[in-house]
Amino acid sequence: MLKKRISVSQKRQITIPIEFFTNLGIDKEVDCYLQNNAIVIRPVRDNTGEFDEEILADLIAQGLSGPELLERFKETRRNVRPAVERLLDEARLAAAGKAQFSTYEDVFGSESE
């Protein structure tokens with residue numbers, strides 16, 4: 001495991017060591033969050049195509065093609081990340097007991113029904 005001690009400036013800024021920066025492929029942004037009393041910094045990744053096939057299949061099933069298909073694909077793909085982030089935020093709140101949540105039985109019903 002690569003480990004480095006780095007300074008924090010008076011403005012609470014840090015400099016990411018070049019080895020970390022290049023190894024992780026950090027570009028212009030990082031995601032930063034708290035986890036188990038630690039600050040986790042991860043490179044922001046653009047959509048890497050996780051849902052591309054599903055998005056295209058759905059849009060083609062809707063009868064789209066050509067420039068309209070391409071435009072709707074781009075629009076839908078841009079909306080994936082914010083939607084997933086909202087779901088994760090909701091899950092974190094539910095896990096912390098700060099929001100309502102549904103149980104497995106609420107969603108799928110119990111086996112005895």
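Helices (H or I, at least four residues) and strands (E, at least two) are DSSP runs, numbered from the N terminus. Everything below comes from a predicted model, where local features need pLDDT of at least 70 and side-chain atom pairs count only at pLDDT 80 or more, while totals for chains, interfaces and linings use all residues. Residues are numbered from 1 along each chain as its sequence is written, and side-chain values use heavy atoms, leaving out hydrogens and water.

**View 1. Two asparagines sit in the loop between S1 and S2.**
Strand S1 covers 30-35 and strand S2 covers 38-43, and Asn 36 lies in the loop between them. Asn 37 is in that loop too. Take a look at their backbones: Asn 36 has a positive phi of about 50°, even though it isn't a glycine. Asn 37, also not a glycine, has a positive phi of about 60°. Are they buried or exposed? For this, buried means under 20% relative accessible area, exposed means over 50%, and partly exposed is in between (1.4 Å probe, protein chains only). Asn 36 is exposed at 73%, and Asn 37 is exposed at 85%.

**View 2. Lys 4 and Glu 19 join in a salt bridge.**
Side chains of opposite charge can pair when their charged atoms come close. A salt bridge here is a side-chain nitrogen of Lys or Arg within 4 Å of a carboxyl oxygen of Asp or Glu, and that rule gives a count of 5. One of them links Lys 4 to Glu 19, at 3.2 Å from N to O. Lys 4 belongs to the segment before helix H1 (18-24) and Glu 19 to H1, so this pair ties together parts that are 15 residues apart in sequence. Lys 4 is partly exposed, with a relative accessibility of 41%, and Glu 19 is partly exposed at 34%.

**View 3. Asp 31 meets Arg 81, with Glu 85 in the network.**
The closest N and O atoms of Asp 31 and Arg 81 are 3.1 Å apart in their salt bridge. Since Asp 31 lies in strand S1 and Arg 81 in helix H3 (residues 66-95), the pair ties together parts that are 50 residues apart in sequence. Asp 31 is partly exposed at 29%, and Arg 81 is partly exposed at 26%. Glu 85 is part of the story as well: a network of salt bridges links Asp 31, Arg 81 and Glu 85.

**View 4. A salt bridge connects Arg 77 with Asp 52.**
In this pair, the closest N and O atoms are 2.8 Å apart. Arg 77 is in helix H3 and Asp 52 is in helix H2 (residues 52-61), so the bridge ties together parts that are 25 residues apart in sequence. Arg 77 is partly exposed at 24%, but Asp 52 is buried at 19%.

**View 5. Helices H2 and H3 pack together.**
Two packed helices are described by the angle between their axes and the distance between the axes. For H2 and H3 the angle is about 135° and the axes are 10 Å apart. (Axes are lines fitted to C-alpha atoms, for helices over the stretch in contact, and angles run from 0 to 180 degrees between N-to-C directions.) H2 and H3 are therefore oblique to each other; angles under 35 degrees count as roughly parallel, over 145 as roughly antiparallel, 65 to 115 as roughly perpendicular and the rest as oblique. The contact (heavy atoms within 4.5 Å) involves several residues, including Asp 52 and Leu 56 of H2 and Phe 73 and Arg 77 of H3.
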